[in-house]
Amino acid sequence: MDALDPAGEDSWAAPDTGSLEGDLRALAHTTADAFTDPAAAAAPTAFTAAAFQSQRAAEALSAFYSERFARCDVIVARAVARNELDRHTEAETLVRAVASPLFSGLFITCEPIDETLADRAADAALVAARASVFSTPPISAEPA
């Protein structure tokens, strides 16, 4: 838990490839690499395992990922500015859709994850985002 607190102060930034597709693929690959690169995987795997055993660890991990997901808001903002997405797209929901298949393979089915799975996760999230699956309806100023 203590190790996760300073992790939020790191310099990690959301990818900026110039396209939503590129950003989502880069994000998926970064996520996969964090858990599959032997030099990097021990810490995030241990943090996740600890979250299943301790409420405090679960809260710390949740706060860490909430902060990480918030850093990805810029991906959606740039995509909206490039007219790639609806302005009502929920960034956190989109980012979770990219990461979820990877986390499922890692922690639910214990299957290896690779570049192909990372690309598929990003592509599926992209298709859903373009179909406005992650969009909220605009809030009307008029009473219902």
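Analyst: Contact here means heavy atoms within 4.5 Å. Under that criterion Leu94 touches Leu20, Leu24, Val76, Leu85, Thr89, Ala125, Ala129 and Phe134, with residues up to four places away in sequence not counted. This is a predicted model, in which local features need pLDDT of at least 70 and side-chain atom pairs count only at pLDDT 80 or more, while totals for chains, interfaces and linings use all residues. Residues are numbered from 1 along each chain as its sequence is written, and side-chain values use heavy atoms, with hydrogens and water left out.

User: Which residues touch the most other members of the largest nonpolar core?

Analyst: In soluble globular proteins, nonpolar side chains tend to be buried together. A nonpolar core is a set of buried Ala, Val, Leu, Ile, Met, Phe, Trp, Tyr and Cys residues joined through side-chain atoms within 4.5 Å, where buried means under 20% relative accessible area, exposed over 50% and partly exposed in between (1.4 Å probe, protein chains only). The largest core has 31 residues, and Leu20, Leu24, Ile75, Leu85 and Leu94 touch the most other members. Two or more residues come from each of H2, H4, helix H5 (73-81), H6 and helix H7 (115-130); helices are DSSP runs (H or I, at least four residues), numbered from the N terminus.

User: How many aromatic pairs are there?

Analyst: A pair of aromatic rings is described by the distance of the centres and the angle of the planes. Rings of Phe, Tyr and Trp (its six-membered ring) pair if their centres lie within 6.5 Å, and planes under 30 degrees apart count as stacked, over 60 as edge-to-face and the rest as tilted. The count comes to six aromatic pairs. One of them, Phe35 with Phe103, is edge-to-face at 5.6 Å centre to centre and 80° between the planes. Because Phe35 lies in helix H2 (residues 20-36) and Phe103 in helix H6 (residues 91-108), this pair ties together parts that are 68 residues apart in sequence. Tyr65 and Phe103 also form an edge-to-face pair, at 5.7 Å and 70°. Ring pairs link Phe35, Phe64, Tyr65, Phe69, Phe103 and Phe107 into a cluster.

User: Is Cys72 buried or exposed, and how many disulfides are there?

Analyst: A disulfide is a covalent bond between the sulfur atoms of two cysteines. With the cut-off for a pair of cysteine sulfur atoms set within 2.5 Å, the count comes to zero disulfides. Cys72 is buried at 2% relative accessible area, whereas Cys110 is exposed at 63%.
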